[in-house]
Structure formats: structure tokens, C-alpha cells
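The paragraphs after them give a guided account.

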Amino acid sequence: MSSPIIEVKGLQTSFLTEDGQIPVVNNIDFDIKPGEVLGIVGESGCGKSVTSLSIMGLIPTATGKVEGEILFKGENLANATEARMRQIRGNDIAMIFQEPMTSLNPVFTIGEQLIESLRIHRKWNKKTAMARAVEMLKLVGLPRAEELVKEYPHQLSGGMRQRVMIAMAMICEPKLLIADEPTTALDVTIQAQILELMKKLNQETDTAIMMITHDLGVVAEMCERVLVMYAGKVVEEGDVKTIFQNPKHPYTIGLIQSVPDMRTKVDRLYSIPGNVPKPGSLKLGCQFAPRCAHAMDRCISESPGLSSFDNGQQVRCWLYDDSERRKQA
Amino acid sequence: MTEPLVKVENLKKHFPIRGGLLGKTVGEVKAVDGVSFFINKGETLGLVGESGCGKSTTGRMLLRLLEPSDGKIYFEGKDITSLPADEMRKMRREMQMVFQDPFASLNPRHTVEKILEEPLIVHGVKNKAERKRRVKELLDVVGLSSWHAKRYPHQFSGGQRQRIGIARALAVNPKLIIADEPVSALDVSIQSQVLNLMQDLQKEYGLTYLFIAHDLGVVRHISDRVGVMYLGNIVELSASEQLYENPKHPYTQALLSAVPIPDVEHRPERIILQGDVPSPANPPKGCPFHTRCPKAMDTCAAVRPLLKEIEPGHYAACHLYE
């Protein structure tokens, strides 16, 4: 088995607020192997985007603090200098954002923006870089690429802009592509096109993808392994089949059941009562306990650890505590 | 058969494009280009479609928040298309709207009490004690507590804010609620809470919904019948069960197959459409979908198909079924 391309150990990202230093990502571990597609799912505020920004070194140092280890090819990015991060960003690790309109610069042409990373990281001259840009636009399935490099972002539709973003991210052949809700702003028929493209690129180039999304459908479609996050913690991890067919954590189960399924009609949707807790408001116990139907006394007082199963599934829940399971077996 | 609550005939909205020095009209955006449908009492009609298909414009025209360019709207058999503004305002007591963005649709400087009181004042509930009582009642109905009345919108979460939006729409006991993407801004676990609430309220008060959304799963769940819109036209309309199990129009088929399904085993065959939706300022001649349709024929580029009943209660606008 190949060694992971990135290993995150005990990552904790916290922000300074009026109430003190509040952790938003709380001690998470995961790794991604070359060519793998890892999905990170969770609802707003669960820390999935902050996790990706921490890896990219994009957490503002004035108020944010990143602790723990982010090992990329043996190097800890959590301690890397800004100059070093600038060498890595866009070259070894690239990122696609949700909003293709706001993440492209409106005053530069598509071509100028595409070649920027080649000019900086590879020191290519303008002409060769531009030829490569045209090639990349063709690779992501954009028509009339030669003319497109001279056009501005506002002349493109949302789906085309997202293809440009993907071309830009892939142009330096990164080892890891972080896609933060890449299709959320797009219509379903365009989303289907973009997901298809990302799958194709993943298969052809061996670039690993970290797919951050709230859409369980996208996860089922794209990912091999899934992390489910809730309130800054990983509550469940496993391969995609296990997570969908045999979810164990009450939150994962509730999340899957809450989604209205297009193929069947139920009279009443399952819903998880209550709201996501405010970061830092629950100091003790399981973060999900106030909304959990199975909550026990222990859940309120003690924070559960991860329990592992033989198939690689990991669950952070007292229901699956190792000692409990041994008793049952 | 009883008369439908709402009936719409050949409704159109063309927005002028102004250009040049004198601001002359140089073209038109055909946002809605001739839609007809009806909604029966107590049922939910879903309208789905991608951005720019005209579904929200249609919803706004029903309330005449936007004036239709052409066509007729009947509410309980009465033509409301050309009612004068003051009479229309009285009509709106019967028809209310819930908006997508619970952050933008509530005044941040008003307390919840004031927000919920306002429609009551507008629609002539003069007694202050009576209004206060009604506000308490409304909060209770949507699952909030009476002590929430003194709070401001920013003190609520997205789901709670959408509950306030629903309470505001319910304040004047309307018959019809037009819900424009009411759960799109919410997380899934909160989304299901709000959908369940809307269903409970429908049962309890016999409400009729026009439910506008782009999420096909949500629309199937809540709707009795569903209309699919593309470029300002309804291309298919039928009972929700039929539409999802047996879609007729190639656009509906592609749309349904494009939705990623949270299931790893059963992967349906996917129809990937090429290109983007054409601009509504310059829609294609003939069938609006023919430029992207995998089954397009010669007639499709020339003649626009009309919405026809191809099976009982199942309408589609496509030359394949002629």
C-alpha cells in the first residue's frame, strides 16, 4: 500500500473571539493516499472548510491559531513559513472554491490568470505557458480555448468558470486538490458535467482529491472514503459503501435519513431535533448529545473517543465503546 | 370537479433590455414565456427548474409583485390580473409568500413581535391586545416560544428565522402560500424540520402551496403535482409520482438523471447534457430545449411544441409525443 500524500494529526484550529480562544476544528486526524478521493461532509459550521484552509495555510494569523501536524511529504505545513507555503500553494496543493465568480479576478483575462502559477512556480516563459493554458482549457472540455484565454471571467457562464478554476488548479499537476463545495453554486445538469470532469482528471492524473461538501449525493458519487464532521470533530470515518449502508454514529444515520430521496416518497421526513451547538459552548461530553436520541448520562459528562472496527470504520460514540462491544460479543 | 384555487393562463413576463443613449428598448428577456397551470385547494404544486428558468418570476407574478406582460391569473375564479393596487392588497390577505433567504427577508431592526404584527396591522386588525395574542399563537404554531417575541432576527439561527418567515406568512390566515426556495439556504438536518413543519401546517389549516425549488428530492417529497420549467416554459407537468417514475420530456429525464443520489450501489444511467442553458434574451426558435436535446429532430428547431396531455393528468411539451 502506498504511503499517504498528506497526514493530518491532531489538527486543532482555533479563533480568538470575545469569549477567548474557541476551537473550531478540534483534534482531527486523517490521511489521504495518492489518487484517492476523500470526502469530508458535515453541515455549516462543522469545521470542514476551516480544515481545508488550515492545510493551505490560509487561516489569518492575527486571530486564528493552527496546532497539530499537517505532514505533506514529511514536512509539517502547520509550522511552515509563509514563503514556503507560497511555493507549495498552487504547485503541490491546489484548491477550488465554491464561488467561481468571486474566485476569479475580473480585471485579468482567463489566460493571464491561468499562466500565473506556471510563471511563478515553473518560471516558464509567457509563450510556452500560454500554450499549456490552452491545452488545459481543452482538457477540461472548454470549446474554442484559443479565444477563451483572451476573454474575461464575466464573459463565461458559471459552469465554464468552474471549469476554468479546475484548469487553473490542475495546471501545475498538484499532488493534492482541495475542492471546497465545488458544485454547490451550480445547477444540477452543470454539476453533473463538473463531477464527471473531476472524476476523469482524478483517474488520468493520479491527483488526490479532498472533496468538501454538504451534499451526500456528491459524496456517494465521487468519494472512496468519507469523514463525517460535526461541531469540529470527526464523528465517523469509513469507506463510502460502509458509511451509506451501515452508518453507526447517530448523527450520520440522522443526516442520511434527513435527505429527501428523489426515488421514493415517505410521508414524513426524519429530522434531527435542535440546532448545531455554538463553537465552544459545550465543553464536556459528546457534542451531539443534546440532539441525540440515544444520549446516556455518560454522553453528557465524558467525551467519547474513536472506536475502530475491522473494516476500517471508526465511530466517535459511546454506543460503540470497545469495552461495551466486548461484552456483547 | 371543484374549481381550482388558482388558475394561470398563458402567463408571460418579458423584461425590456434598454440600451443606447436614449434608453430605447433594444430587446426583451423572455423570463416567462407563456405558462398555464392550476392549483387545487389544499394541494402542493411544485415548480422545479434550473436558475433562470423563470420559476421565481412565475411565483412573483401570481402575487402581482411583478406585473405580468400578458396572460390571466384567476384566484378562486376571480380574474386578478388587472385589479387596482388597493384591491390587490386586500387580495394578498389570501395569498402570502415565504422567501428563500431568511437573513434578507426579515428586517434586522424590528423585533419578531413587530415583524409578525405588521401584516396584521396592514390587514386591519386594530385591537392591540388581539394582535399580541395572535403573535403568541403564531410563534407557538411554528414551534417557537412566546419569549422569542422580544428578540431580533440576528439572535436566531437560519432554521428559526425561516420559521419566523412562515409565521409571518400565516399571520393573516391565507389560503395560498407561495414558497420560493424556502429550504435552500438551510442545512439538511434543519431543512427536514422546516419541511415537516410546512406539511403539518398544510394539514392543520388546509393550506395550498406553490412550492418553488431547484432541489428535486425536496420537491418530490412535498408536492402532489410537479411542473418542470425550462427557459420560461413549463415542459412537463404531472402528478409527482408519475413525473419521477416515468418522466416523458427529455429535459426532465436528463434533469432527474443528473442528481447525485446518496446511494453507492444503484447508479442509474446518467444523461449528461452538453453546454449551458441558452440566454432567455435570445431563446432558440422552436422547442427551447432543442439545442441541448439528445433526441432532437428537424421539427424541433422549427416548431415550438405545446403542452399536451399525453396520459391522463400527465402533460408534456415535446414533439416526440405527437
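Predicted model: local features only at pLDDT ≥ 70, side-chain atom pairs only at ≥ 80, totals over all residues.

Residues are numbered from 1 along each chain as its sequence is written, and chains are lettered from A and ligands numbered from 1 in the order in which they are written.

Confidence is expressed by pLDDT, the predictor's confidence in each residue, from 0 to 100. Chain A has a mean pLDDT of 90, with 97% of its residues at 70 or more. Helices (H or I, at least four residues) and strands (E, at least two) are DSSP runs, numbered from the N terminus. Among such elements of chain A, the highest mean pLDDT, 96, belongs to strand 3 (residues 37-41) of chain A, and the lowest, 55, to helix 12 (residues 322-328) of chain A.

The two chains meet in a contact that involves 37 residues from chain A and 33 residues from chain B; residues are in contact if their C-beta atoms, placed from the backbone, lie within 7 Å. On the side of chain B that touches chain A, at least two residues each come from helix 6 (188-205), helix 7 (216-222), helix 8 (240-245) and helix 9 (250-258) of chain B. Helix 6 of chain B supplies the largest share, 6 residues. By class, this side of chain B comprises 16 nonpolar, 10 polar and 7 charged residues. Here Ala, Val, Leu, Ile, Met, Phe, Trp, Tyr, Cys and Pro count as nonpolar, Asp, Glu, Lys and Arg as charged, and the others, Gly among them, as polar.

Helix 6 of chain B also packs against helix 5 (residues 158-170) of chain B, at an angle of about 20 degrees and with the axes 9 Å apart. Helix 5 of chain B is therefore roughly parallel to helix 6 of chain B; angles under 35 degrees count as roughly parallel, over 145 as roughly antiparallel, 65 to 115 as roughly perpendicular and the rest as oblique. Axes are lines fitted to C-alpha atoms, for helices over the stretch in contact, and angles run from 0 to 180 degrees between N-to-C directions. Among the residues that meet are Ile166(B) and Leu170(B) in helix 5 of chain B and Leu197(B) and Leu201(B) in helix 6 of chain B. The residues of this contact divide into 7 nonpolar, 4 polar and 1 charged.

Helix 5 of chain B has a further partner in helix 3 (residues 112-122) of chain B, where the axes come within 8 Å and cross at roughly 30 degrees. That angle makes helix 3 of chain B roughly parallel to helix 5 of chain B. Val112(B), Ile115(B), Leu116(B) and Pro119(B) in helix 3 of chain B meet Ile164(B), Ala167(B) and Arg168(B) in helix 5 of chain B. This contact has 6 nonpolar, no polar and 1 charged residues.

Elsewhere in chain B, helix 1 (residues 55-62) has 7 of its 8 residues buried, so it is largely enclosed by the rest of the structure. A residue is buried if 20 or more other C-beta atoms lie within 10 Å of its own, exposed if 12 or fewer, and partly exposed in between, with C-beta atoms placed from the backbone. Gly19(B), in strand 1 (residues 6-19) of chain B, counts as exposed because it has 11 C-beta neighbours inside 10 Å.
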